[in-house]
Amino acid sequence: MKGITIALSKGRIFEETAPLLAAAGIRAAEDPERSRKLILPTNRSDVRILIVRASDVPTYVQHGAADLGIAGRDVLMEHGGAGLYQPLDLGIARCRMMVAVPEGFDYALAVKQGARLRVATKYLRTASEHFAAKGVHVELIKLYGSMELAPLVGLADAIVDLVSSGNTLRANHLVAVEEIAPVSARLVVNQAALKLRRPLLQPVIEAFATAVRTAAEAA
Ligand code: ADP
Ligand code: MG
């Protein structure tokens with residue numbers, strides 16, 4: 001493939017990226033929410049979009065199956081970023097990675113007492129680094145979704161998850177007690193592709209940068 005391949009996940013990332021892509025002159029030929037296709041052509045014959053799971057975007061780009069991708073910082077922290085150039089914070093899909101516990105659970109006290117906390121999360125690596133840096137003893141329990149459920153049924157004392165409005169936490173009687181990192185989506189680029197095919201990729205990266213600046217100024 002001589003053209004440009006962009007890896008995206010559907011849902012939030014695709015929806016919030018579409019306007020930036022449009023500003024860069026790229027429009028998907030089909031709506032990924034309706035289409036079952038995993039390779040979407042675009043209005044540009046030299047640009048195609050791969051629809052992958054959000055957490056798989058860095059993998060596709062790292063191995064060069066896609067030249068570019070858009071992934072949340074949560075996913076990138078978990079992946080580690082090997083082989084990826086991260087030139088741009090797109091400022092979209094903003095939220096925060098937080099530690100949350102059931103209302104009434106004294107997290108600060110548990111930490112002070114050196115209690116061993118059971119923490120449910122899909123972010124094993126990030127959570128493990130966070131708690132290790134704080135000297136908090138944890139047993140991490142890997143989940144793939146609906147982390148909020150775990151403390152409600154005694155599977156965990158705490159969760160590490162993304163929080164935006166806080167509505168899901170509130171609905172499940174949980175409270176956020178600690179921020180691990182602010183999260184937004186980043187443009188990622190295969191490092192080797194950028195070196196070998198810079199003339200093709202650089203204009204797209206710059207178009208994204210301009211679109212992000214324009215969106216920031218309009219906000
Ligand atoms: P999945 O459920 O497959 O992880 P999502 O569409 O829920 O896919 O999440 C994709 C990305 O969107 C996440 O990696 C994160 O960066 C971002 N994201 C997830 N939840 C939120 C949220 N509540 N608010 C803003 N961004 C979010
Ligand atoms: Mg989700």
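How many of the 219 residues of the protein count as buried? The share is 45%, where buried means under 20% relative accessible area, exposed means over 50%, and partly exposed lies in between (1.4 Å probe, protein chains only). The model is predicted: local features need pLDDT of at least 70, side-chain atom pairs count only at pLDDT 80 or more, and totals for chains, interfaces and linings use all residues. Residues are numbered from 1 along each chain as its sequence is written, chains are lettered from A and ligands numbered from 1 in the order in which they are written, and side-chain values use heavy atoms, with hydrogens and water left out.

The protein has nine helices and 11 strands. Helices (H or I, at least four residues) and strands (E, at least two) are DSSP runs, numbered from the N terminus. Along the principal axes, the C-alpha atoms fill a box of roughly 60 × 35 × 30 Å.

Ligand 1 sits in the largest pocket. A pocket was defined on a 1 Å grid over the protein atoms alone, as an open set of points where a 1.4 Å probe fits, with protein on both sides within 12 Å along at least five of seven lines. A molecule sits in a pocket if more than half of its atoms lie within 2 Å of the grid points of that pocket. The shell around ligand 1 has 14 residues; a residue is near a molecule if one of its heavy atoms lies within 4 Å of it. Arg-12, Asp-74, Arg-94, Lys-122 and Ser-164 come nearest. By class, the shell has seven nonpolar, two polar and five charged residues. Ala, Val, Leu, Ile, Met, Phe, Trp, Tyr, Cys and Pro count as nonpolar, Asp, Glu, Lys and Arg as charged, and the others, Gly among them, as polar. Helix H1 (12-23) and helix H3 (73-79) each supply at least two shell residues.

A side-chain N or O atom of Asp-74 lies 2.7 Å from an oxygen atom of ligand 1. A backbone N or O atom of Ala-93 is 3.2 Å from a nitrogen atom of the ligand. For Arg-12, a polar side-chain atom lies 3.4 Å from a nitrogen atom of ligand 1. On its own, ligand 1 has 550 Å² of accessible area, and the protein covers 75% of that. Accessible areas come from the Shrake-Rupley method with a 1.4 Å probe; for residues, only the protein chains shown count as cover.

Individual residues span the accessibility classes. Thr-121 lies in strand S7 (residues 117-121). Thr-121 counts as buried because its relative accessibility is 0%. Its side chain reaches the backbone nitrogen of Tyr-123 at 2.8 Å. Val-175 is found in strand S10 (residues 174-183). With a relative accessible area of 35%, Val-175 is partly exposed. Val-175 and Gly-104 are 71 residues apart in sequence, yet 8.9 Å apart in space, C-alpha to C-alpha.

Arg-198 lies in helix H9 (residues 198-218). Arg-198 has 40% relative accessibility, so it counts as partly exposed. Arg-198 and His-63 are 135 residues apart along the chain, and 17 Å separates their C-alpha atoms. Ala-108 belongs to helix H4 (residues 107-112). Ala-108 is exposed, at a relative accessible area of 53%. From Ala-108 to Glu-206 the separation is 98 residues in sequence and 45 Å in space, C-alpha to C-alpha.

Loop residues were also examined. Ser-45 is placed between strand S2 (39-41) and strand S3 (47-51). Ser-45 is exposed, with a relative accessible area of 78%. Ser-45 and Tyr-60 are 15 residues apart in sequence and 21 Å apart in space, C-alpha to C-alpha.

Backbone angles complete the description. Most residues other than glycine have a negative phi. Ser-146 has a positive phi, near 45°, and is not a glycine. Ser-146 occupies the loop between strand S8 (138-142) and helix H6 (149-152). Ser-146 counts as exposed because its relative accessibility is 54%. His-173, also not a glycine, has a positive phi of about 55°. His-173 lies in the loop between helix H7 (167-171) and S10.

How values were computed:
A polar contact is a pair of N or O atoms within 3.5 Å; within protein, one must be able to donate a hydrogen and the other to accept it, and residues adjacent in sequence count only if both atoms are side-chain atoms. On a 1 Å grid over the protein atoms alone, a cavity is a set of points where a 1.4 Å probe fits but cannot get out, and a pocket is an open set with protein on both sides within 12 Å along at least five of seven lines; lining residues have an atom within 4 Å of a point.
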